[in-house]
Amino acid sequence: MAGLDACIYTIIAILGIAYPILLQVISRLDDKYSSARAVGLFEQEPERKGFVFLLKLSALFSGIWFCRFPPPAALLGHGFWSAVVANSALSLVYLTSVALLVFFFLLTEKTITYYNTQKFSAYLQQKHRQNRADKRHVETLTDVFLAVISARNSSVAQQIADFFTDEFAWERAEAGANEVVYSSVYYQLTYRTTEEVAQLGNRKDKSLAHRAAGGNWLLGDSTQHVISESTYFALWHNLLLALEYEQEDLVYDYWHTAYRYLEQHLRAIARQYETADAALRVTNTDVIALREQQRDRFLEFQHAVGAVLLYVDKAKLLRKLWGYTTSQPPHFWLLPTHMTEIFTAFARYHDAFRLWPPVDVRYPFPNEAGVGSEGIITNWLCRYLAVLFLGQCTVHSYLIGDEPL
């Protein structure tokens with residue numbers, strides 16, 4: 001009976017000592033990652049479910065054996081099977097004890113994985129790649145990502161950020177030439193990351209700020225996709241968050257990204273001609289029209305950025321944005337090159353019926369609740385265009401003046 005005693009002692013030790021310790025460790029997951037999702041995910045792990053089930057089952061079979069309940073007479077039969085049934089409780093105690101011990105080690109290993117930040121992040125990435133439709137793992141990874149940013153664990157933060165960069169690229173590839181509407185978890189990721197790096201202030205990781213608030217994740221490097229209204233909405237609120245925390249460098253970083261995106265991925269398409277029936281015809285009219293529509297929408301967003309900077313009295317920052325260029329000779333891609341562009345934009349914004357939804361809905365300004373704010377945003381957009389028109393910034397005068405806007 002030494003084997004039976006060992007099984008009983010094992011069950012008692014796990015039930016009375018090891019299991020309470022594991023419960024205490026699990027409860028601290030929320031404190032470690034500030035994530036109730038991590039705890040919920042752990043509770044759904046098959047190792048934990050199997051361990052709890054076997055613990056209850058082994059306790060039940062041990063109780064049956066101790067109480068010496070006789071098996072039903074109808075099951076006893078004769079010969080070999082009679083002996084098997086008669087000792088079934090003892091056999092089940094042995095079996096569940098061994099299985100319980102195995103699951104205990106598996107659960108311990110899984111607990112170590114959850115508590116090691118690097119292992120846990122790699123585990124969540126692997127689970128998400130196996131089933132991208134299940135967003136639980138990427139939501140939990142977002143919580144872990146924010147926790148390591150706050151803890152200044154830059155190596156793990158960069159590794160997770162690289163994973164998210166790949167996932168944004170994957171969603172753009174899935175959209176193909178259509179509008180890219182990212183999963184809501186990714187829009188939440190950019191907003192929460194922007195908030196975290198904004199709160200860190202000068203202590204923030206600039207590369208992470210570039211990916212989130214700077215728009216690198218949302219805009220990407222693809223020339224095939226179309227920016228959706230959901231993406232513009234997310235970009236806008238990320239910039240408002242940066243302004244709320246007085247992090248002007250985040251807005252400046254976004255301007256860099258937008259400048260590069262327009263220069264490299266949204267350039268005007270040259271006309272292609274063919275000669276047919278002694279006439280010269282443009283063969284790519286539809287492609288040109290689509291690209292111009294995308295450029296107009298993109299530049300409209302940049303005008304809104306300029307308008308909100310005027311609204312919050314960030315004239316110095318606005319002047320700094322206007323002076324940004326990487327071209328030689330200088331070319332300011334995000335600014336109008338001809339007065340005609342200013343007049344066209346003015347007519348576009350001033351006529352409330354030309355845009356839907358109207359600019360007052362597309363670009364909510366800080367401290368404007370919507371009620372009674374109709375026309376305010378349109379007014380500031382027109383003011384921004386008026387500043388451009390008055391020559392405070394033109395492509396032909398490469399120096400930005402010091403006069404107040």
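## Aromatic pairs

Across the whole structure, a search finds 26 aromatic pairs, where rings of Phe, Tyr and Trp (its six-membered ring) pair if their centres lie within 6.5 Å, and planes under 30 degrees apart count as stacked, over 60 as edge-to-face and the rest as tilted. One of them joins Y182 and Y187: the ring centres are 5.7 Å apart and the planes stand at 80 degrees, so this pair is edge-to-face. Y182 counts as buried, at 3% relative accessibility, and Y187 is buried with a relative accessible area of 14%. Here buried means under 20% relative accessible area, exposed over 50%, and partly exposed in between (1.4 Å probe, protein chains only).

The rings of Y259 and Y324 have their centres 5.1 Å apart and their planes at 85 degrees, so they too are edge-to-face. Because Y259 lies in helix α15 (residues 248-265) and Y324 in the loop between α17 (315-322) and α18 (339-350), the pair ties together parts that are 65 residues apart in sequence. Helices (H or I, at least four residues) and strands (E, at least two) are DSSP runs, numbered from the N terminus. Y259 is buried at a relative accessible area of 1%; Y324 counts as buried at 17% relative accessibility.

## Basis of the model

The model is predicted: local features need pLDDT of at least 70 and side-chain atom pairs count only at pLDDT 80 or more, while totals for chains, interfaces and linings use all residues. Residues are numbered from 1 along each chain as its sequence is written, and side-chain values use heavy atoms, with hydrogens and water left out.

## Aromatic cluster and nonpolar core

One aromatic cluster is formed by F145, F163, F164, F168, Y182, Y186, Y187 and W217. F145 and F164 are also among the residues with the most contacts inside the largest nonpolar core, which has 100 residues; W236, F298, F301 and L309 complete that list. A nonpolar core is a set of buried Ala, Val, Leu, Ile, Met, Phe, Trp, Tyr and Cys residues joined through side-chain atoms within 4.5 Å.

Not counting residues up to four places away in sequence, F298 touches L219, I227, Y232, A258, Y261, L262, L266 and L334, contact meaning heavy atoms within 4.5 Å.

## Charges over rings

The charged end of R132 sits over the ring of W170, 4.4 Å from its centre. K320 lies over the face of Y252, at 4.3 Å from the ring centre. Such a placement requires NZ of Lys or CZ of Arg within 6 Å of the ring centre and within 35 degrees of the ring normal.
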